[in-house]
Amino acid sequence: MYQSQTVIGQTLRSKDLPLSECKWPEDHLHYIPDWVYVSQEVYDREMELIFRGDTWNFVALEAEIPNAGDYKRSYVGPVPVVVSRAEDGTIHVFENRCAHRAAEFCRESHGNTKEFVCPYHQRSYTLKGDLQGIPFKRGVNKEGGMPKDFRNEDHGLRKLHVTTLNGVVFASYSDKVEPIEEYLTPEILEDFKVTFSGKKLKILGYYRNELPCNWKMYHENLKDPYHATLLHSFLVVFGLLVAGNKATMFSDKVHGRHGYMASAKSEDKYATVDEANKKEMRSFHEGMRLRDERFLDFVKEFDSPWSVTMQTIWPNLMVQREMNTLGVRQIIPNGPHSMIMQWTMFGYEDDTEEMTRHRLRQGNLMGPSGFLGLEDNEAMKFVQEGIRRSTTDTNVLKLDANKVGTSESLISEASIRAMYTYYRQVMGF
Amino acid sequence: MQKSTDKKYTYQPSRLDAATAQHILVEIEAFNAEYCAVLDAGQVELWPEFFTEDAIYRITSRENADLGLPVGLVYAEGRDMMHDRAVAVNRTQMFAPRYNLHIVTNTRVVDVNEQGEIQAEANFLLIETLVEGPSTTHLAGLYYDTFVRSGDKLLLKERQVIHDTNILANDLVYPV
């Protein structure tokens, strides 16, 4: 069911605090207050200071709009935008709102066009978002029409700044955000370029789902390597991630806002878990074996020490390289209690048919029906419900206490701490 | 990106005479009723038995189908992969308890080829009920099927579950 279909589930009024009453707990590293997940005022301020602030928001892959006139609907934060490729090959991002009467004019999720025409009064805009034509601009029989001083150039669509990096398109409302390479920071950029080396991508398809949780939880979940070894018994059983594997939880060194969770799969198909670790892992299933092991094949195609990296790029992008299944996930915040996840799965243009099928088979790990994906969605829903309805009011993060940033241990919450240290700075908490 | 020119998931008029189609229709309706009864009873480990050894099973959105994109929410090549999924769901996965109810209607028999493979379609609705939740439409779409005969029964050689539902509510745990 969708968040809006909740029957029992009113948020306690005492948690939906106005900004003036939002005080971070004194032990700020080890406690997160519930109001960051449920307060409407906090959410509104996040949209302003984070998604419309000095950030680069993922909006598309270039492979989705390869030709002049190609476009797709997308979002920056919760704001609907159109991503379009003009005749000269340049990419443009503008709000999906007619400058006249606000109609959300672009309705198709993808397409190819020569111009955008608002269906309400047929105003037309160029592929760059400039106002091109107004029916009856001079009126009829010299009556009515636009005033003489109306200049088309003053009435285009609201445009955003656009940048691309190796086939990935980002947009920003900010005039002063740093260039994308600098924005990502060196180590994140390096890992980003493993998946996005500039090699042409082939889009394999989309998933879209609502998660009835606050958008920040998705970041936290991918900065929380502790859960991966416990919640995802599938990973553990098949040795994709085992406490004790070579792994890291990296936080960017400049802000702590981006990160990646990485691990290196051992050579054996199935994991061996020693007795001491086994006791800690309730979900461990001895002797589970697949009937079709092709699913676990790992074709080494990248120059990287990691077989798995899950990258979080602030504020709205996750890059998934889980062995050979590749994808980007775009967060679309949808109020404090809901977010939409837009998944785009891809391979490379030079993949053989068998490689494409391998990626599709391994894709069963991810997405809203993925062996990992669905458990995350369930867990985050449970957390949001717990926060909304209970009377206690803080989350406790004491694993690997006092540490902020990168951790080599999976039994750590240091990366979540780094993210919230940055968040508090931006939000003024 | 452009719409696909693939006609696989578009309307195809039936190429069979009414009497032949009617005869097969009854068998397919019985098959689907049994298939859904297994899923609605939560007997997911029995689900692969409705397929041939080398069957294809995929769940994907109408959007992907229209664009000719191959990805699946669930993508299985062969009954072994379906078995692995069924076991994973039933024995290893963490999710809130739920009831599923399939409603399958508008069954159509489109064609029977020279090898006796039956091409058929049906509409489905999947109603989901969570603990202390309402019963909600979780997924709505079409089955695009290829059946073969095995002895006196039908088996699925391919089932493409194409859902209109554009934003899925949280996740999809069980096969459809």
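Visitor: What makes residues of chain B count as buried, and what share of the 176 does so?

Guide: A residue is buried if 20 or more other C-beta atoms, placed from the backbone, lie within 10 Å of its own, exposed if 12 or fewer, and partly exposed in between. By that count, 40% of the 176 residues of chain B are buried. Please keep in mind that this is a predicted model, where local features need pLDDT of at least 70, side-chain atom pairs count only at pLDDT 80 or more, and totals for chains, interfaces and linings use all residues. Residues are numbered from 1 along each chain as its sequence is written, and chains are lettered from A and ligands numbered from 1 in the order in which they are written.

Visitor: How many helices and strands does chain B have, and in what order do they run?

Guide: Helices (H or I, at least four residues) and strands (E, at least two) are DSSP runs, numbered from the N terminus. Chain B has three helices and seven strands, in the order α-β-α-β-α-β-β-β-β-β from the N terminus on.

Visitor: Why is chain B called as compact as a globular protein of its length?

Guide: The radius of gyration, taken over C-alpha atoms, is set against the globule rule, 2.2 Å times the number of residues to the power 0.38. For 176 residues the rule gives 16 Å and chain B has 16 Å, so chain B is as compact as a globular protein of that length.

Visitor: What makes residues of chains A and B count as in contact, and how many are there?

Guide: Two residues are in contact if their C-beta atoms, placed from the backbone, lie within 7 Å. On that basis 43 residues of chain B touch 46 of chain A. The largest share of chain B's side, eight residues, comes from α3(B).

Visitor: How do you know that β12 of chain A pairs with β7(B)?

Guide: Strands pair if DSSP finds at least two bridges between them. Two bridges join β12 (residues 201-211) of chain A to β7(B), and the strands run parallel. In one of the bridges, N209(A) has L168(B) as its partner.

Visitor: Which residues of helix α4 of chain A are buried, and why are they said to lie on the same side?

Guide: In α4 (residues 186-195), I188(A), D191(A), F192(A) and T195(A) are buried. They cover an arc of only 105° around the axis, which puts them on the same side of α4(A); the arc is that of the directions from the helix axis to the C-beta atoms. The face turned away from the buried side carries the exposed P186(A) and E190(A).
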